[in-house]
Amino acid sequence: MKSVLTRLLVLCLVIGALSVQGAAAPREIVLRFPSWQQDEPGVSGWWKEQIAAFERARPGVRIEFTKVPLAEHTDKLIAQFAAGQPPQIVHVPAQTFFPFADRGWLEPLDRYLEETDVKKTYHPLQAKECIWKGTTYCVLMLNYGYAWVYNEKILKAAGKSVPRNVEEYIDALKSMTDAKNGQYGIGIVTLPGFNMVAHISVFVYGAGGRWTDDRGNPSVTMPQVAQGFRWWKEVVLAATPIGQESGRLRQLLMEGKVASYNDGPWMQGFALRANPDVKPHLRAAPLPFQATMGGPSNVVAIPKAISDDEKRLVWEFIKSGTTKEAQVRYSVAVGAPAPRQDITIPADMRKDLPFFDVYVDAARRAVSWVPFGLETKANEFIRLVSEHAQRMIVRNEPVERVLQDLQRELEALKRQ
Amino acid sequence: MTGARGSKDLRHLSAQSASVSIGEQTLRPVLGARTWMRFLRSPVVFAYLLLTPAILTMVVVVLYPVLSAIDISFRRVDIYSPGASRGPWTLANYARLLDTTGFWQAVRVSVAYVVIAVVFSLLIGFGTALLLNQRFRGRTLARMLVVLPWSVPPVVAVNVWWWILDPSFGMLNWVLLQLGVIAKPINWIASPTPALAAVSLVTIWKGYPFFVVMLLAGLQAVPQDLYDAGAVDGAGRLAAFQHITLPALRGVLALATLLTVLWVFREFTIIWVLTGGGPVRATETLAIMTYREAFANFRMGFAASIGVVTLLISTVASVFFIRQAGKEFH
């Protein structure tokens, strides 16, 4: 009996001590921030610096920066919003931003933006990409253009030089391919999803095509789109390892098994991690098409469903990234021009970014591949384009016939 | 002792609650205290009382989600939010389902996938169980190794197989090319027929050990006397297998087949990680289609209607196999 009483007393003391400690400890505010960039070379370092500075200035506030693969990111975010549990910091690819704005899930940012000079100093895409039905819902993080990153050693071994037009480009890719020995001229994503459509867009927009016309109607039967798909199909069937996703293809470039890759400025961060025997040979060149695919890359926003205090904190965090100093560091981190137009990157900060000038030029020339008119149905648009494009390569169906089917399906999607 | 004391307590409580006063009125219960006691002492009622927590858990965990899914399947719901207005009931989702070529394609793929995976798992599992039922040196080790695929987490297993089946850099193509079996690499993941073969192969590899375990246990339960009596009657090995082993294993076979059919029918991880349902929907089963419609296209109502159809098909299969399992072996 005595033993039991002693144990009870000890238990009460422990619980009491814990309660006192719990009451004394200040309540921590956690802002969840899921992003595919959490471990992306270059830009993840910038985010982590921003987070550290923000947390230092606000004791008791913590930003939980977690990794979610890009392929799953938008779907997971939509599920979280639907459940009424969105993360406090919303980071989405620009192509999939509009469904969130359209459903009224995001906080209007116009009154917040009055505290900054974003509207005056940012790239025009800030106004085009972040405004939905007259209201601003996001802040642009990056606008970009694609470039051709290639292994100069393999290109020279194939007896080719940097291509100046599409014909030379396709010829170079084929010449660098030796499939029997596991060597491919280019890595192109052929697994359905966002990156597959991005890679197709390089050719479609390069040929002068557009996913939708000026009125927002599907326009995949225009001759330029068909031309782009023909180039894409030719390259995929002759010069790329089929059935690979972007992460694996970048890795193959770093290992020298793939000779080139079409990608945005973030590629510089990956290139720094290449195998020692490959890294010195990696170069970047403009894509030899009449137009360069690109546009807005990703945006940040605030969910409507969180408390006003949290909204204010998230805004302070977003705002801290829009200053001149932060934008200069951002530009260096991603190896491309930041959205803020009134900054210059000092030469000493550019010396470790060998592809910087190519990507500055690419961003300047880039044409946005956001399918305006179908922007609120981005997921289904991506699925339909991916599936129809796969028919061209796995069943070898004629490009024109597949595009007619795709046009019908996209028109039906627009009517829904 | 406890039971008797408990009964006394119950009687005491029942006597107290035999009548209830509300203001000036006295309400007498319809049943008397003794009748209640007799009712509560009934073995059947007592059994149900013991089962109540389990039944309540089932209602919350199983029945409520199923009924919710059925409810949503009859409504136009795109993104389902708890508490949000669901709109009126409609048959639109089912009409659309029957009119969608993707649904019939998914049904065809599901049937082909289930048949291939279950039949091969059964044959390989049965053969392996018969072998492992023989006495030989290293039998324990062999039994352990055979069960190994079953214990590997699906995502790990599929990633290993992805590496083996990789069309450009995979080991399988390399071996086949070296042996001269094929002239050029096969696109195991990116061509429709090989992709279905690939997901079936991985499913069989994961699934056949279950048949081995179940059938081995069944084989060990067959009395040796039956084989001895059969031998006296002149039955050979084939006749003994046909007239003793197979009938003796009917129940186990039906149960193992039912569980495997249900497992393969709702299999998601292997297909999603290996092919994502592609290429061109060649490996899109009903389970994958349900997920895609619900969480990629965000048409929850439509996805729920696919789920309800899947549930119906599973129920029919279950009834068939349970009846087979119920037939006794004489």
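Is A:N396 buried or exposed, judged by its C-beta neighbours inside 10 Å? A:N396 has 9 such neighbours, so this residue counts as exposed. The model is predicted.

A:N396 sits in the loop that links helix 18 to helix 19 (399–415) of chain A. Its phi is near 55°, a positive value in a residue other than glycine.

A:K133 also has a positive phi, about 50°, and is not a glycine. The residue lies in the loop between strand 4 (131–132) and strand 5 (135–136) of chain A. A:K133 counts as exposed because 7 C-beta neighbours fall inside 10 Å, and the cut-off for exposed is 12 or fewer.

## Chain A as a whole

Chain A holds 19 helices and 11 strands. Its C-alpha atoms fill a box of roughly 90 × 55 × 50 Å along the principal axes. The radius of gyration is 24 Å. A compact globule of 416 residues would come near 22 Å, so the value for chain A agrees.

Buried residues account for 48% of the 416 residues in chain A. Take the contacts in chain A with a separation of 6 or more: 76% of them join residues 24 or more positions apart.

## Helix 9 of chain A

Which residues of helix 9 (residues 166–175) of chain A are buried? They are A:Y169, A:I170, A:A172 and A:L173. Seen down the helix axis, these buried residues fall within an arc of 160°, so they line one face of helix 9 of chain A.

What do they pack against? The partners are helix 8 (152–157), helix 11 (223–239) and strand 8 (260–263), each in chain A.

## The largest nonpolar core

In soluble globular proteins, nonpolar side chains tend to be buried together. Here, the largest nonpolar core has 190 residues. A:A147, A:V299 and B:L215 have the most contacts inside this core. The largest share of the core comes from helix 9 (residues 192–220) of chain B, which gives 12 residues.

## Where the chains meet

## Local details in chain B

A cis peptide bond joins B:G278 to B:P279, with omega about -5°. B:P279 lies in the loop between helix 13 (269–274) and helix 14 (286–295) of chain B.

B:S151 belongs to helix 6 (residues 139–151) of chain B. With 9 C-beta neighbours inside 10 Å, B:S151 counts as exposed. B:S151 and B:I189 are 38 residues apart along the chain, and their C-alpha atoms are separated by 24 Å.

Methods:
Residues are numbered from 1 along each chain as its sequence is written. Chains are lettered from A and ligands numbered from 1 in the order in which they are written. This is a predicted model: local features need pLDDT of at least 70, side-chain atom pairs count only at pLDDT 80 or more; totals for chains, interfaces and linings use all residues. A nonpolar core is a set of buried Ala, Val, Leu, Ile, Met, Phe, Trp, Tyr and Cys residues joined through C-beta atoms within 7 Å. A residue is buried if 20 or more other C-beta atoms lie within 10 Å of its own, exposed if 12 or fewer, and partly exposed in between; C-beta atoms are placed from the backbone. Helices (H or I, at least four residues) and strands (E, at least two) are DSSP runs, numbered from the N terminus. The radius of gyration is taken over C-alpha atoms; the globule rule is 2.2 Å times the number of residues to the power 0.38. Two residues are in contact if their C-beta atoms, placed from the backbone, lie within 7 Å. The arc is that of the directions from the helix axis to the C-beta atoms.
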